[in-house]
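Okay, thanks for making time, everyone.

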Amino acid sequence: MTIKEMRQLLGLSQAAFSQKYGIPKRSIENWEGGVNKCPDYVKELLERCVLEDGGKAMIINGIGSVAKEEMMSILSSDGRRAVEDGDITMQELADMYKANKAKGLSKIGRFGDTYHKNFERIPAGLFEKLSPAEIATLVDAFYDAYSDGKSAV
């Protein structure tokens, strides 16, 4: 997505975009006009902010950009209403979506209680850093370790 597309997605002028994200207006003008190239790291951060601010998508570690509608597809009608009412934040929705993807990849994902007991063993702060496949592998490893321990006794 170009800088101009990001700005237009939010319906902002160059001046308003500049003010919202703390970027000099001249930089935005130069990037959009092709005078200078926006650094890739700035562009990536801006895209994440714009998608999240627009409420249309989230960039989820290990997955990439996911449309809000796609994330909402895992929810019941009550869950969708809670998102629309603001009771569930976009970040919470993204975390639920990621956890749901991991559950689908886990060999024990269809065993709700067993899966959740092992999922809860993931150390705080690690969930955000892992992809759904890595989370599923970790949950399965916790389960295997517990089962091996029970067998050894």
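Now the ground rules. This is a predicted model, where local features need pLDDT of at least 70 and side-chain atom pairs count only at pLDDT 80 or more, while totals for chains, interfaces and linings use all residues. Residues are numbered from 1 along each chain as its sequence is written, and side-chain values use heavy atoms, with hydrogens and water left out.

How confident is the predictor? pLDDT is its confidence in each residue, from 0 to 100. The protein chain has a mean of 91, with 99% of its residues at 70 or more. Helix 3, residues 25-33, comes out highest at 97, and strand 1, residues 57-60, lowest at a mean of 78.

Overall layout next. We've got 9 helices and 2 strands in the protein chain, and from the N terminus the order is α-α-α-α-β-β-α-α-α-α-α. The radius of gyration is 20 Å, well over the 15 Å that the globule rule gives for 153 residues, so the chain is more spread out than a compact globule. For the record, that radius is taken over C-alpha atoms, and the rule is 2.2 Å times the number of residues to the power 0.38. The C-alpha trace spans about 70 × 35 × 20 Å along its principal axes.

Buried, by the way, is under 20% relative accessible area, exposed is over 50%, and partly exposed is in between, with a 1.4 Å probe and protein chains only. Of the 153 residues in the protein chain, 31% are buried. And if you take contacts between residues at least 6 apart in sequence, 47% of them join residues at least 24 apart.

Which residues of helix 1 are buried? Those are Ile 3, Met 6 and Arg 7. They fall within an arc of 95 degrees seen down the axis, so they line one face of helix 1; the arc is that of the directions from the helix axis to the C-beta atoms. Their cover includes helix 2, helix 3 and helix 4.

Helix 2, residues 14-21, has Phe 17, Ser 18 and Tyr 21 buried. Their arc is only 100 degrees around the axis, which puts them on the same side of helix 2. What they pack against is helix 1 (3-10), helix 3 and helix 4 (40-53). Just after helix 2, Gly 22 has a positive phi of about 70 degrees.

Last, two loop serines. Ser 106 lies between helix 7 (90-105) and helix 8 (112-119), and at 8% relative accessible area Ser 106 is buried. Its side chain reaches the backbone nitrogen of Ile 108 at 3.1 Å. Setting aside neighbours within four places in sequence, Ser 106 is in contact with Tyr 115, Ala 136, Val 139 and Asp 140.

Then there's Ser 131, in the loop between helix 8 and helix 9 (132-152). Ser 131 counts as buried because its relative accessibility is 15%. Leaving out neighbours within four places in sequence, Ser 131 is in contact with Asn 61, Gly 62 and Lys 98.

That's my tour, thanks.

How values were computed: pLDDT = per-residue confidence, 0-100. Helix = DSSP H or I, 4+ residues; strand = E, 2+ residues; numbered from the N terminus. Polar contact = N/O pair within 3.5 Å; in protein donor to acceptor, adjacent residues only side chain to side chain. Contact = heavy atoms within 4.5 Å.
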